[in-house]
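Hello,

Here is the structure I promised to pass on. Please open it first, then read my notes beside it.

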Amino acid sequence: MKTQKIVVITALCLIGGLLIFSGVSKYIEFSCANSFGPEFNKKRKELHIPIIPPAWEVYFKDKYATAWQARRVSRGHSLKVVVYNGCDLDAEEDHYYFSSKKMQDTVLTAYYKYVNRNRGKDSTVFIFQIGDHTDTISSKKADSIFVANRISKDL
């Protein structure tokens with residue numbers, strides 16, 4: 001009888017401990033995710049990565065990513081997606097839109113991948129999309145597209 005009580009008490013303690021651990025780990029995950037928003041802009045400037053402008057709002061958020069969007073999406077830098085895994089920042093995507101009729105449905109996306117446990121080197125990839133056609137382009141070509149269209153990169 002005494003052994004049964006000890007087993008029951010031990011099982012209840014383990015279940016309680018597991019629930020507490022689960023709650024604390026979720027809090028830690030989300031508290032780290034919140035540190036990669038506008039408060040990370042100083043570090044972005046040091047890395048020459050576009051910032052999240054002050055007037056932008058959270059468009060989407062889950063435990064792996066947060067997307068910020070300009071209030072009016074029309075032309076230029078209008079969307080940033082930050083991807084993380086717990087307290088590890090994994091990548092950022094910056095989307096730039098073009099509104100001229102000649103370049104309708106045109107998007108230039110910059111992907112910045114950070115050094116972390118899974119990757120030993122930072123990298124940047126630019127993807128240029130016109131309608132259904134998509135190409136990976138160099139940073140030099142991306143810069144010339146920004147200049148030609150008078151688009152600010154929000155650095």
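**What is in the chain**

There are three helices and seven strands in the chain. Helices (H or I, at least four residues) and strands (E, at least two) are DSSP runs, numbered from the N terminus. Read from the N terminus, the elements go α-α-β-β-β-β-β-β-β-α.

Two notes on the source. This is a predicted model, where local features need pLDDT of at least 70 and side-chain atom pairs count only at pLDDT 80 or more, while totals for chains, interfaces and linings use all residues. Residues are numbered from 1 along each chain as its sequence is written, and side-chain values use heavy atoms, with hydrogens and water left out.

Some totals next. Of the 155 residues in the chain, 33% are buried. Buried means under 20% relative accessible area, exposed means over 50%, and partly exposed is in between (1.4 Å probe, protein chains only). The accessible surface of the chain is about 10500 Å². Carbon and sulfur atoms hold 58% of that surface. These areas come from the Shrake-Rupley method with a 1.4 Å probe; for residues, only the protein chains shown count as cover.

Contacts also say something about the fold. Among contacts in the chain with a separation of 6 or more, 36% are between residues 24 or more positions apart. A contact means heavy atoms within 4.5 Å.

**The sheet**

Two strands pair if DSSP finds at least two bridges between them. As background, strands of a sheet pair through backbone hydrogen bonds, either parallel or antiparallel.

β1 and β2 (residues 65–69) are antiparallel and share four bridges. They make a hairpin, with three residues between them. Phe-60 stands opposite Ala-67 in β2.

Now go to the other end. β6 and β7 run antiparallel, and five bridges join them. Phe-126 stands opposite Ile-137 in β7.

Leu-89 is buried, at 8% relative accessibility. From Leu-89 to Lys-113 is 24 residues in sequence, but 8.7 Å in space, C-alpha to C-alpha.

Which residues of α3 (residues 139–148) are buried? They are Ala-142, Ile-145 and Phe-146. Seen down the axis of α3, these fall within an arc of 100°, so they line one face of the helix. The arc is that of the directions from the helix axis to the C-beta atoms. An α-helix has 3.6 residues a turn, so residues three or four places apart point the same way.

The buried residues of α3 pack against β4 (88–98), β5 (106–113), β6 (123–130) and β7 (133–137). The face turned away from the buried side carries the exposed residues Lys-140, Val-147 and Ala-148.

**Aromatic pairs**

How many aromatic pairs are there? A search of the whole structure finds four. The rings of Tyr-96 and Phe-146 have centres 4.7 Å apart and planes at 70°, so this pair is edge-to-face. Tyr-96 in strand β4 and Phe-146 in helix α3 are 50 residues apart, so to speak distant parts of the chain linked by the pair. Rings of Phe, Tyr and Trp (its six-membered ring) pair if their centres lie within 6.5 Å; planes under 30 degrees apart count as stacked, over 60 as edge-to-face and the rest as tilted. Tyr-96 is buried at 0% relative accessibility. Phe-146 is buried too, at 4%. Elsewhere, ring pairs link Phe-36, Phe-40 and Tyr-84 into a cluster.

**Two positive phi values**

His-48 is not a glycine, yet its phi is positive, near 60°. His-48 sits in the loop between α2 (41–47) and β1 (57–61). His-48 is exposed, at 60% relative accessibility.

Arg-150 is not a glycine either, and has a positive phi of about 50°.

Best wishes
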